[in-house]
Amino acid sequence: MGFLNWQLRGRSAANGVAALLASVAAIALSAPSAHAQQATQPAGKQTDQSQQADQEKAAPAGATLLDKILVISRTGETAIESLASASHVDQEQLARRMATTPNEMLLGVPGVATQADARRVSTSINIRGLQDFGRVAVIVDGARQDFQRSDHGTQSTFYIDPELVKSVDVIRGPVANTYGSGAIGGVIFFDTKDAADFLKPEETWGASVTGRYESNGKGWTTSATGAYRFNENWDTLGNIVYRNYDNYKDGGGDTVNGTGFDVLSGLLKTSIRPTENSELKLGWVGSSDGWDETSGGVPVNDVDLKSNTFTARYNITDEDKSWLDLHINTSYNKTNLDLTSLVPQKRFDPITGLPTVLPAGSQSTFDVGTTGIDIWNTSRFETGGIAHELTFGGDWVGDDVKTGGTAGGDSFYTPSGKRNVSGAYVQDKLTWDWLEVIAGLRYDNYSLKDSTRETSGDRLSPRITVGVSPFESAGLAGLQFYGTYAEGYRSPSLTETLISGNHPAGVTFPFLPNPNLRPETGKTTEFGINYRQNDIFESGDALRVKAAYFHNNVDDYIDGVTLSPFAPGSGCPFGPGIPICFQYQNFAQAKIDGFELEGVYDAGWGYAGLSASITNGHTISYKGVEADLATIPSSQVTAQLGLRFLENKLTVGGEVQYNGKPKGNAVAEDYTLVNAFATYQATDNLKVDFRADNLFDVKYANPLNGSTTVAVYEPGITLKLAATMRFGG
């Protein structure tokens with residue numbers, strides 16, 4: 001294994017990987033290619049989520065990603081059936097990507113970008129240019145991830161190890177308003193592994209061990225999974241993962257300080273089926289992470305993070321899943337982040353604004369607890385030849401934020417307080433022959449407070465979607481058009497409303513609280529098409545395509561502004577430090593529009609995929625002044641190609657992704673990434689995976705990670721090699 005320590009750079013690395021892939025392909029081509037497999041037939045109006053596992057096993061990889069039932073769906077839809085911009089990433093895709101951090105799991109998903117700064121294990125999700133403070137609902141096994149720590153980077157982050165994840169579902173836009181309050185950007189749902197998916201039908205127990213090495217950062221990952229089936233109605237699974245990585249090098253060969261980390265993560269989940277038509281899932285997901293934060297390339301803070309998520313999910317149906325399909329989800333997530341100063345730091349007291357020194361060993365603490373309850377039922381019936389799927393339910397999420405530490409520490413940016421957000425909704429999906437209509441209405445209510453201030457609000461948000469499938473001819477029968485108008489409601493966060501005091505680092509100036517902040521209202525119009533067709537060029541092949549254009553007006557959009565004490569009515573006092581103030585304020589609107597495409601063709605012996613997203617956006621002040629929206633991500637086009645050999649035991653392929661510079665970003669540049677991968681199922685119990693990311697060692701920066709003057713460069717070429725041994729009986 002000594003060759004794993006070689007640090008291949010630039011063109012020599014690319015040539016070496018190309019030679020390796022060519023050799024693998026040559027060996028594979030000497031064996032008969034796999035016969036094309038029959039693609040899963042369209043699910044039609046299938047709503048039985050219990051058949052998902054059989055559906056996935058019967059379908060060839062790749063093309064059927066859009067045919068798989070969305071875990072996040074409340075009416076048992078697949079992505080290709082959904083009259084919304086929805087995507088699914090399954091276990092095979094996740095394994096192929098060999099993700100080290102959460103952002104790598106979402107490669108090529110249209111409309112989705114991530115921000116991680118140099119802190120690779122903490123990720124913020126951006127959907128259609130909206131992120132932070134709950135604009136995107138991140139959910140793990142039904143539990144909202146609302147951890148928030150404010151500084152100069154991303155605001156809202158979550159922590160989940162990719163090794164624990166079975167699938168990822170994405171719904172873009174406020175059409176996801178049945179999944180909780182505030183998600184005007186969309187919802188990301190991470191579903192962790194289950195014993196039922198890990199164990200083979202004939203097995204009582206199973207176990208696997210994975211070892212992986214990465215060249216860039218000299219990173220090691222070890223993972224062990226075990227599952228046991230007590231009887232046909234009770235099974236359990238556990239997974240433990242340890243990662244240890246040094247700082248990586250960017251495409252220019254320079255070490256990026258502060259990017260190393262070590263992570264210990266775990267998962268426990270048990271599924272109990274008391275009756276034939278009911279199931280209870282109890283789960284825990286936890287992690288203990290550590291890394292250094294740098295300033296000017298020098299480590300200044302040691303970070304220790306612990307995150308624990310507890311979930312209980314219960315589902316009961318009647319025999320035919322007609323009137324009763326009841327779900328009750330409860331969850332609790334607690335994230336504790338401790339910063340310990342490694343060196344003395346010059347600061348300013350946030351109360352007085354006077355200079356002070358933060359001694360080495362000083363701590364800042366961030367404790368965020370989130371409790372959630374989510375209950376809904378779907379009834380299925382017919383009236384006058386029209387099929388109904390009537391879903392109604394309610395949800396509540398409570399955030400309890402406690403921060404503290406030495407004066408001048410980073411906890412100042414994130415004020416303590418409590419926020420409660422609740423809602424109730426009703427939605428009816430009506431289907432008649434070629435016509436489908438979805439009508440919904442959601443009520444939201446919120447309150448937030450600290451020791452001295454309190455604010456609250458509520459609103460009704462509608463949704464209407466119309467879909468038509470007007471064609472019956474063979475080539476067009478799978479074509480569906482839809483149009484949607486949907487609204488969503490996001491309450492202000494504790495930080496946006498309550499932050500106050502003097503800026504503690506660099507230079508000092510006052511922060512002003514704003515208890516009069518109005519909630520944001522997202523109003524989205526979307527037009528899309530779904531297309532599915534089988535047996536196009538040969539028997540058993542399949543084509544799936546989703547495309548959509550959207551326009552989102554976010555009324556009363558909240559963003560930070562700089563105020564001058566010299567401006568009449570600004571409310572900015574003359575304080576210590578530079579003569580400015582900072583405050584979160586409402587803008588009249590943020591206008592965001594764009595186009596998204598996701599398609600894949602699979603012929604059994606190989607597949608090809610293409611995804612694209614173009615997003616543009618700007619804010620408009622109440623005086624009509626327009627400004628570029630800083631959270632607009634790169635426009636992207638991602639192409640994927642894979643070939644299967646040796647009776648599908650060997651898959652080789654690659655990905656090419658073009659990223660276009662967002663308008664108004666001072667540090668971003670266009671860049672193109674090329675990745676390659678190979679996976680070989682040598683035996684029933686041994687699997688080998690290889691991947692090369694950023695094959696041509698491009699030096700690039702994620703535009704969301706840079707300020708107006710500084711860019712954090714992403715990893716250069718990274719070679720990954722893993723082996724997994726599995727046992728069972």
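Biologist: Asp194, buried or exposed?
Modeller: Buried, at 4% relative accessible area in this predicted model. The cut-off for buried is under 20%, so Asp194 falls in that class.

Biologist: Which residue does Asp194 meet in a salt bridge?
Modeller: Lys269, with 3.4 Å from N to O.

Biologist: Which other salt bridges have you got?
Modeller: Glu487 forms one with Arg459, with the closest N and O atoms 2.8 Å apart. That pair also links distant parts of the chain: Glu487 is in strand β22 (residues 479-490) and Arg459 in strand β21 (residues 454-468), 28 residues apart. Glu487 is buried at 8% relative accessible area, whereas Arg459 is partly exposed at 23%.

Biologist: Which residues do shared partners join into one network?
Modeller: Asp141, Lys166, Asp191, Asp194, Asp197, Lys269, Lys281 and Arg313, through salt bridges that share partners.

Biologist: How many salt bridges does the structure hold?
Modeller: 46. One of them is Arg149 with Glu293, where the closest N and O atoms are 2.8 Å apart. Arg149 is in the loop between β5 and β6 (165-172) and Glu293 is in strand β12, 144 residues apart. Both Arg149 and Glu293 are buried.

Biologist: OK, strand β12 then. Which way do β11 and β12 pair, parallel or antiparallel?
Modeller: Antiparallel, over 12 bridges between β11 (residues 261-272) and β12 (residues 278-295). Ile272 has Leu280 in β12 as its bridge partner. The two strands form a hairpin with five residues between them.

Biologist: What about β12 and β13, how many bridges there?
Modeller: 18, again in the antiparallel sense, with β13 covering residues 298-317.

Biologist: Changing topic: what is the strand order in the open sheet?
Modeller: β1-β6-β7-β4-β5, five strands with mixed pairing. β1 (85-89) and β5 (143-144) stand at the edges with a single partner strand each, so one side of each has no neighbour in the sheet. β5 pairs antiparallel with β4 (residues 136-140) over two bridges, and Val140 has Ala143 in β5 as its bridge partner.

Biologist: Why is β33 largely enclosed by the rest of the structure?
Modeller: Because nine of the 11 residues of β33 (residues 650-660) are buried. On one pairing, 11 bridges join β33 to β32 (residues 635-645), antiparallel, with Leu643 bridged to Val652. On another, 10 bridges join β33 to β34 (residues 671-683), also antiparallel, and Gln657 has Leu673 in β34 as its partner. In the β32 and β33 hairpin there are four residues between the strands, and Leu646 takes a positive phi near 50°.

Biologist: How many disulfides by the count?
Modeller: One. Cys572 and Cys581 form the disulfide, with their sulfur atoms 2.0 Å apart. The torsion about the S-S bond is about 80°, so the disulfide is right-handed. Cys572 and Cys581 are both buried.

Biologist: Where does Thr123 sit?
Modeller: In the loop between β2 (112-115) and β3 (124-127). Thr123 is buried, with a relative accessible area of 0%. Leaving out residues up to four places away in sequence, Thr123 touches Pro102, Asn103, Thr114, Gln115, Ser156, Thr157 and Phe158.

Biologist: And Thr619, which strand is that in?
Modeller: Strand β30 (residues 606-620). Thr619 counts as buried at 6% relative accessibility. Beyond neighbours within four places in sequence, its contacts include Tyr557, Phe587 and Leu629.

Terms used. Residues numbered from 1 in each chain as written. Predicted model: local features only at pLDDT ≥ 70, side-chain atom pairs only at ≥ 80, totals over all residues. Heavy atoms only, no water. Buried < 20%, exposed > 50% of the residue type's maximum accessible area, 1.4 Å probe, protein only. Pairing = 2+ DSSP bridges. Contact = heavy atoms within 4.5 Å. Disulfide = S-S within 2.5 Å. Salt bridge = Lys/Arg side-chain N within 4 Å of Asp/Glu carboxyl O.
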